[in-house]
Each structure stands twice: as structure tokens, then as C-alpha cells.
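The sequence and structure come next.

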Amino acid sequence: MVQEGMSIHAQAQRSRGKDDWETPREVFDTVCKLYCLNPKVDVAASFGNNKCGKFFTKSLDMKWSYPWFCNPPFNLKEEFVRKADEEFRRAGHDGIMLLPNIITEREWFHDIVLNSDGTGFNSGIEVYFHKKRIRFLDDGVEGCQPVSGTIWIIWSKRPLKERKKNYIWENPML
């Protein structure tokens, strides 16, 4: 039975008692290289599923003082997108956020990501669509696959064309 106001995917995740799916390492590495970013801290991780050597488990109350990566818990997407935008506007560090199963018509998405007339993105924001569905991991084992698309939101003062000029991949685990 579908619960009103909740996607089938959200219900499936909740029924498994899981809200924090791990991003596969190869997806993370490929996307960081593609968009010329070198995150230093994973702001929504736990030991074992972190994609950077430095990671936070309770980052909504912290300052994000490094370039960052975020795959937020499913039920906290809005809070993490708001926090990411707040931290970018405060500190100016590059950030990349994976948002699976995103519903872009949500009011909060428009308020934070889109400009006021809806013709583009707010300053410093880029949005890219992931071509295939990502099969997320549960304790390192393939598990959940969203029923709809995934987007990547990037916060950066430098557009992709500029980031590409002198980009060198840096292993985030070091």
C-alpha cells in the first residue's frame, strides 16, 4: 500500500530501515574527475562508507570549511541542500552533492537551486543529470537502485570550463 505523500522508493527504503546508502567508489571518482572537483571532506558519512579521508557524521550543525562531497540521507535531502548552499555562501568552498530520486518540482528545490525567474540556476550552482541509475551500496554490497533519476548539484565560484584548465585529480582518501 502506498503511503500518501511518500514515494514508492522512500517507502521501500523505510521498510528496510535504511536511509543512508553508500555511493559506489567508482561513481564518486568518475564524477569528481568529470566535473573537476577535489572534495576533502564527506559531510554525510559514517566510518566505512566515507568517500574522503575526513568525514562528518553530524554535519548539519557544523561549518564545512573544506571542499566537500555529500550523499545525504534520503529523508534529509532538503536540509542538506539548504546547508550546502548556506556553507557555500558563507565560506565559498567547492561542493558536490548527489541527489538520487530527486523531485525537482519541490518548492525548496526552486528556492535554493533555481534563480528567481526560473530561467537558470542561482549564482555558483550547476546541475548535471546522471545518465544511468546508480546502484547504491549497503555495507559494501550492491543494494538499492532509485526508481527515478539522480542529479549532481555543484557549488563552485569557478564554472566548469575554468575548473578544467588546470585540474589535477587528488585522492580524497589521503
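## Terms and basis

A polar contact is a pair of N or O atoms within 3.5 Å; within protein, one must be able to donate a hydrogen and the other to accept it, and residues adjacent in sequence count only if both atoms are side-chain atoms. This is a predicted model: local features need pLDDT of at least 70, side-chain atom pairs count only at pLDDT 80 or more, and totals for chains, interfaces and linings use all residues. Residues are numbered from 1 along each chain as its sequence is written, and side-chain values use heavy atoms, with hydrogens and water left out.

## Lys51

The side chain of Lys51 makes a polar contact with the side chain of Glu22, at 2.9 Å. Lys51 lies in the loop between β1 (41–42) and β2 (54–55). Helices (H or I, at least four residues) and strands (E, at least two) are DSSP runs, numbered from the N terminus.

Lys51 is buried, at 3% relative accessible area. Buried means under 20%, exposed over 50%, and partly exposed in between (1.4 Å probe, protein chains only). Contact means heavy atoms within 4.5 Å. Leaving aside neighbours within four places in sequence, Lys51 is in contact with residues including Glu22, Arg25, Asp42, Phe69 and Met173.

## The sheet

Two strands pair if DSSP finds at least two bridges between them. β1 and β3 (68–70) pair in the parallel sense over 2 bridges. Asp42 stands opposite Phe69 in β3.

## Nonpolar cores

A nonpolar core is a set of buried Ala, Val, Leu, Ile, Met, Phe, Trp, Tyr and Cys residues joined through side-chain atoms within 4.5 Å. The largest has 22 residues; Trp68, Val81, Met97, Val113, Ile153 and Trp155 touch the most other members. Its largest share, 4 residues, comes from α3. Another core, of 17 residues, lies apart from it and includes Val31, Cys32, Cys36 and Ile154.

## Cys36

Cys36 sits in the loop between α2 (25–34) and β1. Cys36 is buried, at 8% relative accessibility. Its phi is positive, about 55°, although Cys36 is not a glycine. Most residues other than glycine have a negative phi.
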